[in-house]
Amino acid sequence: MNIFARTTIGANTANVSSSGFVSIHTLPVAFGYLKIIEKQQPKYVDKLTLHITKLLQKLIKDHTSAGVDYNPAFTEYIIECLTLLKYRIGQLTSDLRKQFMNNFLPCLIEKSHDITLVRAIIRLVHDWLKWRGDVQLVPSLKEKSQLLLKLLQCIDKSGRFHQQQTNDNDLTNSFLELILHVYQESNYRELCIKLEAAFVLGLKSTNQQLRKQFFLILDKNLRKTLHDRLLFIFLSQNWEYLGQHYWIKQCLELFYTCVSSTIPLSIIDNRTSILPSLTSVIKSGEFYDRYDFMVDYAKTKNPSSIENVGIKTEQTSDVPIKMEVNDETSPQNPAYSIISNALGVTAMSTLVTKKQRSTSISLNESKPKHFKQTISFENIRRLPNDKFEEKFQRETTNQIKLTELINDEINFLKILSSIQLKSNDLFDSIIQFLHTNNSILIDKLAHYLFIDILPKILRIISEKYRIILFQQIIQPFFISGTHLQQRDLYPYSSLNTLLEAFYMMFKNNNNLSEFVPIIRPIILKYIAKTHNTWHRSILLLEQYILDQQSNNESITNDETYIESLNSLGELYEHLNEDDYNISLWLHRQFSPNIKLLVSNALQYEQLGLYQQALEYYTQSIKHIDNNQMSSSSSSSSTLNRFSQLDEYSFLEQHWIKCTKELNQWETLMSYCKQQSNRDHLLYLDCIWRSSNWSLMKETLGQLDAMCNGTNINLTNSSIQTFQFLNPNPTLTQSTIISNILTIKDFQWKFALYRCYLTLCSTITNTDDPTIYQTTMNITERLIDYCSLNALKEWKHLPNYISNSHLNLLQASQRIIELQESAQILLNIQTNTNNNNTSTSIISTTTNGNTSTTTTNIRQTSNIHEFKTIVKTWKSRLPLINDSLSYWNDIFTWREIQYGTISSQFDKDLNGTNLSSGNNLNNSNTNTGQVLLGIHAIAQSITQLAKIARKHHMPNICMEILSRIGTVIPSVPVVDSYQKIKQIIKCYLVLFSTLPPND
């Protein structure tokens, strides 16, 4: 037996190949013999450790290389090898041990697609941790920790086991049991520090027993005082390990476990907090439903009390029934009888309009006295003396259901009364319910529970701890990068809940004005933009500004107040709330000599008179430049200088906006070149319109180098932290931060410009046919990336569609037309290949008409596709109230594509004339194809000029129309007519402003 086992394993080790084992069927027998030998002669198996290790290496190589198509038999053999080597690690050589611990097991954990094998490795590590024998026979503590960290990564990426029917939660629970053993043993204190992420994973486990054991360990290591729990939540715990989990549930559990179990719970003296009774819904029902309920109730109490209840359905459904209710107070007639309470009737008479189930109610005259005291049916009488023709007797099922419902409520109230005596049972039930699943309803319940309990806790703790929490802990906590993983959660994220809880605390105390100094305005702005708390942040900033204006007369030198104004204005600008933003700046304290200029400029801009607004903005900027020069020579305060910089930045942005609307892109290009702190997004906007693709490529490369070469980490949290810790950064630091934030806020736009560059730079090199496929692949990836980032930005905007979504809605049209432009490029490639094929066939055959039939068909289909895209673009126009700059974006890109189509057909026309001689048919056809692009260019220019005229900018309209003669050498007659028509309309508008000589 010994010889057979040793020979079999040695032979398989020596004769293994990449396709499998030579004598694989003999391995089960060999492993069976080794199990028997190990029980009798374990030392003999020790001599085979070298052969077993080499066999394990061969098995792992074949198992991992097979991927998903692994052989299940190899899994069993690997598990057998691991079992044999479990307590023989110390007998391996140093090289084999290092290879076993650093190569074999990590390779299986990372690459194996068999969940059974990973579970076997977890059991292997579990046995090593429980080993109490010779420590030399098992791996060291460092080696165990490395394996545990590898297993943690495997659990986080357990999606590769989704094809197997085994539940991934079983694997996670097995791993958590292993981690739980580590934390329960006192010998692994050093290991616990490295496994904090795995421990936090156990706190969100769906297995209630495991989660309770993990939380008990955490609860024992924390003092049961509220301020210690608050410090743990806001200072000590790293919530990044929980990822997108809504960890407010864990915070609630930390608070609920601080409740004393010796103090009984009692109902507070507040009627709104008491559970409603079963009969509380009666008054909310309709009249006849309430009456029917009381009849059933009376018959349940005393069935003999009602001898005859009749219902008659009348023919007309709109006949009103007049009923009189007499609620006079007398000894025989209580003030509020049971029926009048149930019906909710207090008037002497009521006119009820009959509905579909409206009936006539008649009761016989005989009424027992005791029934009269219970329900005074004599208080309800029919005024008309109608007699019922039919009698109705109700089914007993309704009575049975009513009795069962009342009994169920009685039992529930009894159980509830017993729970109220034990606080631990009540809170444990709440905690267990919150951890049942991660549905939106459960998160909503946790959200409102936390909002209710946190303000009460903050009022309970001492003033000293509250000051420390507000002044030193809260602000760094809100800007921490650990919360970025929850920015995409909707509708409840942990940071959103915390902000609402703090808001409720200050609201209940009627001191909302103190909230903004505790959480700086710049942090509120960051939370709003990053975690979708626009509504709450804007309301807080608005309330603070209003309170400061009403309470303080000299607020111009208040740094927090100015920061609030700037943050609120930036939020308004990000949401495209132009009216709010302009009204905010109109109430700001500008310098006296420019306040009137700024007011006039803003008002002209709101009216759409951009030329007049641009003039006032230019004068205001010149005045600020002069003030800055004078203030630099004098000893003015730093706050005033920064206030002037804010004013300058605001006026500069609106000057750029007016210049865009006036179509003065050359002015903007020269402005960008002169600025040291260049706005790269604006610079790229100007470059692509001039079709300077080499400069655009250089600018995009500079942006990539700037982002990759800076020493500042490119995360939103670190940027905001840098701005928080450095309120006055240097010019270089400000430039870097500004460019990085611009790239992060407009990633979809930079991807769009990269697509422009890829397509248009390829069009200029159409002689190389191999570049098309590469370009199409790159363009497809960039379009997907652009769409994905646009959707991400959409998720971070408010939930209701508003002006804030306008830019992304406009971006969707640009992305769609970019895809269609890629289709144009593909058609150009196909057309070019067809022309080359056609030329070669014509030069080698005598009957050119027959040989080029297929090629002509392909060319015709491509022409039809061109016409389809052009027709679609003509019908897909922006809205008339969209800004002229957006119309310019759409038509400028279309003009570039139309020019590409025209130049391609022109090239085909020249090639066709050279190859076919004086073939008039081909020449006329290709001439019409060339006119297709020319006519489309002229139409787009005319349409853009028409929109400029309708926006009350006739001068811009004529300036745009003047491009038709320069861009298009030979203008078709139809387009010339449209051009003249628009010019005449412009002169009719300008007639009153023209000099008499004109």
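Predicted model: local features only at pLDDT ≥ 70, side-chain atom pairs only at ≥ 80, totals over all residues.

Me: What about phi of Ser691?

Reply: Ser691 has a positive phi of about 60°, although Ser691 is not a glycine. For background, most residues other than glycine have a negative phi.

Me: And is Ser691 buried or exposed, or in between?

Reply: Its relative accessibility is 36%, so Ser691 counts as partly exposed.

Me: Where does Asn576 sit, then?

Reply: Asn576 is in the loop between helix H26 (559-574) and helix H27 (578-586). Asn576 also has a positive phi, near 60°, and is a residue other than glycine. Asn576 counts as buried because its relative accessibility is 17%, and the cut-off for buried is under 20%.

Me: Switching to rings. How many aromatic pairs are there?

Reply: The count comes to 25 aromatic pairs. One of them is Trp688 with Trp893: the ring centres are 6.4 Å apart and the planes are at 65°, so this pair is edge-to-face.

Me: Which parts does that pair tie together?

Reply: Trp688 belongs to helix H32 (residues 680-689) and Trp893 to helix H41 (residues 884-916), so the pair joins parts that are 205 residues apart in sequence. Trp688 is buried at 0% relative accessibility, and Trp893 is buried as well, with a relative accessible area of 2%.

Me: Nice. What is the geometry of Tyr753 and Tyr756?

Reply: Their ring centres are 6.0 Å apart with the planes at 45°, so that pair is tilted. Tyr753 and Tyr756 are 3 residues apart in helix H36 (residues 747-763), which means about one helical turn separates them. Both Tyr753 and Tyr756 are buried.

Me: Which residues do ring pairs link into a cluster?

Reply: That cluster is made of Phe234, Trp239, Trp247, Phe470, Phe477, Phe478, Phe502, Phe506 and Phe515.

Me: What lies over the face of Trp665?

Reply: That's Arg689, at 3.7 Å from the ring centre. Elsewhere, the charged end of Lys464 sits over the ring of Tyr465, 4.9 Å from its centre.

Me: On to helix packing. How do the axes of H5 and H7 cross?

Reply: Helix H5 (residues 72-84) and helix H7 (residues 115-130) have axes that come within 10 Å and cross at roughly 10°. H5 and H7 are therefore roughly parallel to each other.

Me: Which residues make the contact?

Reply: From H5 they are Thr75, Ile78, Ile79 and Leu82, and from H7 they are Thr116, Leu117, Ala120, Ile121 and Leu124. By type, the residues of this contact are 7 nonpolar and 2 polar, with no charged.

Me: Okay, H11 next. How many of its residues are buried?

Reply: Helix H11 (residues 196-203) is mostly covered, with 7 of its 8 residues buried. The buried ones are Ala197, Ala198, Phe199, Val200, Leu201, Gly202 and Leu203.

Me: Last one: where is Glu185 found?

Reply: Look in the loop between helix H9 (168-184) and helix H10 (189-194). Glu185 counts as partly exposed because its relative accessibility is 21%.

Me: How far apart are Glu185 and Leu129?

Reply: Glu185 and Leu129 are 56 residues apart in sequence, and 9.4 Å apart in space from C-alpha to C-alpha.

Definitions and conventions. Residues numbered from 1 in each chain as written. Heavy atoms only, no water. Phe/Tyr/Trp six-rings, centres within 6.5 Å; stacked < 30°, edge-to-face > 60°. Helix = DSSP H or I, 4+ residues; strand = E, 2+ residues; numbered from the N terminus. Buried < 20%, exposed > 50% of the residue type's maximum accessible area, 1.4 Å probe, protein only. Lys NZ or Arg CZ within 6 Å of the ring centre and 35° of its normal. Axes fitted to C-alpha atoms, helices over the stretch in contact; angles between N-to-C directions. Parallel < 35°, antiparallel > 145°, perpendicular 65-115°, else oblique. Contact = heavy atoms within 4.5 Å. Nonpolar A, V, L, I, M, F, W, Y, C, P; charged D, E, K, R; others polar.
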